[in-house]
Amino acid sequence: MKYTIHATCSVLMLPFMLATSAMAGSADVVVENAWARASIGTSRPGAAYMEVHNAGDEPVMLTGLLTDLAMRPEVHRTATDEQGVSSMSPAGDIVIAPGETIALEPGGLHAMLMQLQRPMEEGESFSMTLTFSDGGETTVEVPILGIAARGPED
Amino acid sequence: MTLTFLRKVLWASVGVAALALVWLLLWADYRADRARTETEPVFRANFELTDHSGMVRTQEDFAGQWMLIFFGFANCPDICPTTLSEVAAVMDGLGENAEQVQPLFISIDPERDTPENLADYVPVFNAGILGLTGTPDQIERTAENFPIFYEKIEEASAPDGYTMSHTSHLFLFGPDADLVTTWSYGTPAEEILADLRKRITR
């Protein structure tokens, strides 16, 4: 439901976005509750979760991720259909309307960390940079929790 | 006078007819329900796979235990570790009842998930969780024997160029391997634990 609202907002924002040639406002992005699970080695992809809040008056578009932890960090989306079949695909660019928060959380959007450059060790952290269409960037420190962590509080 | 009486009789018969109809509908419904529960085959767990230590396992190895079964693949960064974490929390929460329940993670990615690959992954979430895999044939047969769906999806951006879609339910089978219930992905561990505890201590 939350995603439906977000999706609807994104669609509604589209004409507005197209009208403004360059989007400003990534300076007003606040990232909270970032966390990731520890990995075993580097052979399997990792995932990181966080909430991205647009505190400004302009829509912002999240276009990519950067981190030295993984060669290919990308926002992916897990979707589960009515039959309970889950699948995952790249989420593409994500528009965050003014005042909106998008949640990267288990079972939905997540930062997929492909080609890990080092194991994700519990107790450590790594920095991740979110890039936006206006050229702005926000860097967040992501704490690495236990492999069986279920949320940022674990 | 006679007319009033006749009218009363007519109205009464309308009432009786309506009641009879309601009764008939309810009865038909009840009969259909009974027929359904009586003829619906009980769904039983059925598999022959290799566990993460290399041993061949079938549902008979877990006779007398409750089986908590879910499907996934080790290269899955989101749904699978989340479900494994939920199951780990459920097993921790069961305390001394944990030995009555065997959690089984069945891989639907036989190409990558060898027993060795599962051995350094699945038990890390909880020592009690057993990873099961097999040849592509064995996995296909297993998937046919369970009410699940899985599919390999070519995805250029995914590691090795593919990802797997799969049923993300958690299945509970009873001590006689009959399907008891399922929980959809995202059901909180606390809810699963409470439900499971009620069933196994009944």
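Predicted model: local features only at pLDDT ≥ 70, side-chain atom pairs only at ≥ 80, totals over all residues.
Let's start with the outward side of a helix, α6 of chain B: the face turned away from its buried side carries the exposed residues B:E190, B:E191 and B:K198. Residues are numbered from 1 along each chain as its sequence is written, and chains are lettered from A and ligands numbered from 1 in the order in which they are written.

So which residues of α6(B) are buried? They are B:A189, B:I192 and B:L196. Looking down the axis of α6(B), you find these buried residues within an arc of 60°, so they line one face of the helix. That arc is taken from the directions from the helix axis to the C-beta atoms. What do they pack against? The partners are α2 (79–94), β8 (170–173) and β9 (179–183), again in chain B. Contact here means that the C-beta atoms of two residues, placed from the backbone, lie within 7 Å.

As for its length, α6(B) covers residues 189–200, which is 12 residues, and reaches 16 Å from first C-alpha to last, close to the 16 Å expected at 1.5 Å a residue. The expected span is 1.5 Å times one less than the number of residues. Helices (H or I, at least four residues) and strands (E, at least two) are DSSP runs, numbered from the N terminus.

In chain B, seven strands form an open, mixed sheet in the order β2-β1-β5-β4-β3-β8-β9. Strands count as paired if DSSP finds at least two bridges between them. The edges are β2 (56–58) and β9 of chain B; each has a single partner strand, so one side of each is left without a neighbour in the sheet. On average, neighbouring strands are turned by 35° against each other, direction ignored. Helix α2(B) packs on this sheet, touching β3 (66–72), β4 (101–107) and β8 of chain B, and its direction makes about 165° with that of β3(B). For such angles, axes are lines fitted to C-alpha atoms, for helices over the stretch in contact, and the values run from 0 to 180 degrees between N-to-C directions.

β8(B) and β9(B) run antiparallel and are joined by four bridges. B:F171 stands opposite B:T182, and B:L170 stands opposite B:W183. Five residues lie between the two strands of this hairpin, where B:A177 takes a positive phi near 70°.

B:D160 also has a positive phi, about 65°, although it is not a glycine. Where is B:D160? Look in the loop between β6 (150–154) and β7 (162–167) of chain B. B:D160 is exposed, with 10 other C-beta atoms within 10 Å.

Stepping back, chain B is divided into domain 1 (1–40) and domain 2 (48–200), with bounds that come from an automatic or database domain assignment. The C-alpha centres of these two domains lie 50 Å apart.

Now over to chain A, which has one helix and 10 strands. Of its 154 residues, 33% are buried. Among contacts in chain A between residues at least 6 apart in sequence, 71% join residues at least 24 apart. One residue to look at is A:N33, in strand β1 (residues 29–37): its phi is positive, near 50°, in a residue other than glycine. A:N33 is partly exposed, with 14 other C-beta atoms within 10 Å.

Finally, how do the chains meet? 26 residues of chain A are in contact with 30 residues of chain B. On the chain A side, β2 (46–54), β4 (70–80), β5 (85–90) and β8 (109–116) are the elements that give two or more residues. Which of them gives the most? That is β5(A), with six residues.

Terms used
Buried ≥ 20, exposed ≤ 12 C-beta atoms within 10 Å, placed from the backbone.
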